[in-house]
Amino acid sequence: GGSFNGVTEVDIQSPGFPVLYGNNLECVWAFQHDCAESFTITSRSFDLEYISNCNWDSLSIVSSMSDLASTTTGMDKFCGKTGTNTNAMNLPLTFPGPELYIVFDTDSGTGYSGFDLQVTVKLLSNEICASDSSADSSADSSADNSADSSADNSADSSADNSADSAGDSAGDSAGDSAGDSAGDTVQTASC
């Protein structure tokens, strides 16, 4: 995976999007921003295997690491196709707090085209965060970190290295220094 510092919008996609995603995947995207009031997730495209309880293929969203460990509390779980199923991600969703975790799980059955999501950070307006928001707004407004696009679970080190480089240059272009962590968005992915 990679990390992006100093951005307030990040695009994420299922592995291989818009081509069919693979079987037996477990992908996790972690977002942390010291000055985040909330994160809003907007679906541009959403098409996962459907069953009413979303136990086959699903996209789960939690707002803390402790909720990530539990499969029953504090979790929003989505599957199906936008506009067709009520369990699909049909509307933008907002989650309060400075961190957010998105988990994509697939079973050994049928693959679909997957998802294309935009995650946007709403910043706090307190004094500490306000001084750093000008650097955030000058960073790239969007950074794409697609998880490994191969059909299997093997890591693609060249994609990881290019994602790391993109993240480094996004942070550098914002004028962030190594000691400046207030207001930085850190987004990492593993799949």
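Modeller: One term to start: buried means under 20% relative accessible area, exposed over 50%, and partly exposed in between, with a 1.4 Å probe and protein chains only. Also, this is a predicted model, where local features need pLDDT of at least 70 and side-chain atom pairs count only at pLDDT 80 or more, while totals for chains, interfaces and linings use all residues. Residues are numbered from 1 along each chain as its sequence is written, and side-chain values use heavy atoms, with hydrogens and water left out.

Biologist: OK, what percentage of the residues in the protein is buried?

Modeller: That's 44% of the 191 residues.

Biologist: And how many helices and strands are there?

Modeller: Three helices and nine strands. Those are DSSP runs numbered from the N terminus: H or I of at least four residues for helices, E of at least two for strands.

Biologist: What's the strand order in the open sheet of four?

Modeller: β1-β8-β3-β6, with antiparallel pairing. Two strands pair if DSSP finds at least two bridges between them. β1 (9–13) and β6 (93–96) each have a single partner strand, so one side of each has no neighbour in the sheet.

Biologist: How many bridges hold β1 and β8 as a pair?

Modeller: Five, in the antiparallel sense, with β8 covering residues 114–123. Val 10 sits opposite Val 119 there.

Biologist: Switching topic: is β4 enclosed or open?

Modeller: Largely enclosed by the rest of the structure, because five of the five residues in β4 (residues 58–62) are buried.

Biologist: Which strands are bridged to β4?

Modeller: β7 (residues 99–105) is joined to β4 by five bridges, antiparallel, and Val 62 has Tyr 101 as its bridge partner in β7. β5 (residues 76–78) is joined to β4 by three bridges, also antiparallel. There, Ser 60 partners with Lys 77.

Biologist: Now Asn 85. Where is it?

Modeller: In the loop between β5 and β6. Asn 85 is buried, with a relative accessible area of 16%.

Biologist: What does Asn 85 touch?

Modeller: Tyr 50, Cys 79, Gly 80 and Asn 90, not counting residues up to four places away in sequence; contact means heavy atoms within 4.5 Å. Separately, a polar atom of the Asn 85 side chain lies 2.9 Å from the backbone nitrogen of Lys 81.

Methods:
Polar contact = N/O pair within 3.5 Å; in protein donor to acceptor, adjacent residues only side chain to side chain.
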